[in-house]
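User: I would like to go through the side-chain packing of this model by question and answer. Please give the geometric grounds for each reply.

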Amino acid sequence: MSDRPTEMTDAERDAALATIDGWTYDPNAKAITKTFTFKDFSEAWGFMNRAALLAEKMDHHPEWFNVYNRVEVKMTTHDADGVTSWDIDMATAMDGFAG
């Protein structure tokens, strides 16, 4: 993807968040966040692999932290200084990867 999106307005972001389950906005980080819990490490790692492949394709990478079966994800678009459509797209895809 070549054109970088711009930061969503508060109303746009809130409307988009209403369409994805379990994601919340962190105003201090200017990011959306969610914690995924899987049955074991292998399942968590598989989720991260699928998300990583999409992240590379989009050139848009999550901030995440993994311990055993838990993956904490933070999505923001640093060069837009906040949440953009790319973050919502990645969040939606990650929800699908998590099943």
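User: Over the ring of which residue does the charged end of Arg13 sit?

Analyst: The model is a predicted one. In it, the charged end of Arg13 is 3.6 Å from the centre of the ring in question. That ring belongs to Tyr25.

User: Which residues of helix H1 are buried, and over what arc around the axis do they lie?

Analyst: Helix H1 spans residues 10-17, and its buried residues are Arg13, Ala16 and Leu17. They are on the same side of H1, because the arc that they cover around the axis is only 100°.

User: Which helix is among the elements that cover the buried residues of H1?

Analyst: The cover includes two strands, E1 (24-26) and E2 (31-37). It also includes a helix, formed by residues 85-98, namely H3.

User: Is the pair of Phe36 and Phe38 stacked or edge-to-face?

Analyst: The structure holds five aromatic pairs. In the pair of Phe36 and Phe38, the ring centres are 6.3 Å apart and the planes meet at 15°. Planes under 30 degrees apart count as stacked, so the pair of Phe36 and Phe38 is stacked.

User: What is the angle between the ring planes of Phe36 and Phe47?

Analyst: This pair links distant parts of the chain, with Phe36 in strand E2 and Phe47 in helix H2, eleven residues apart. The centres of their rings are 4.7 Å apart, and the pair is tilted, with an angle between the planes of 40°.

Key
Residues numbered from 1 in each chain as written. Predicted model: local features only at pLDDT ≥ 70, side-chain atom pairs only at ≥ 80, totals over all residues. Heavy atoms only, no water. Buried < 20%, exposed > 50% of the residue type's maximum accessible area, 1.4 Å probe, protein only. Helix = DSSP H or I, 4+ residues; strand = E, 2+ residues; numbered from the N terminus. Arc of directions from axis to C-beta. Contact = heavy atoms within 4.5 Å. Phe/Tyr/Trp six-rings, centres within 6.5 Å; stacked < 30°, edge-to-face > 60°. Lys NZ or Arg CZ within 6 Å of the ring centre and 35° of its normal.
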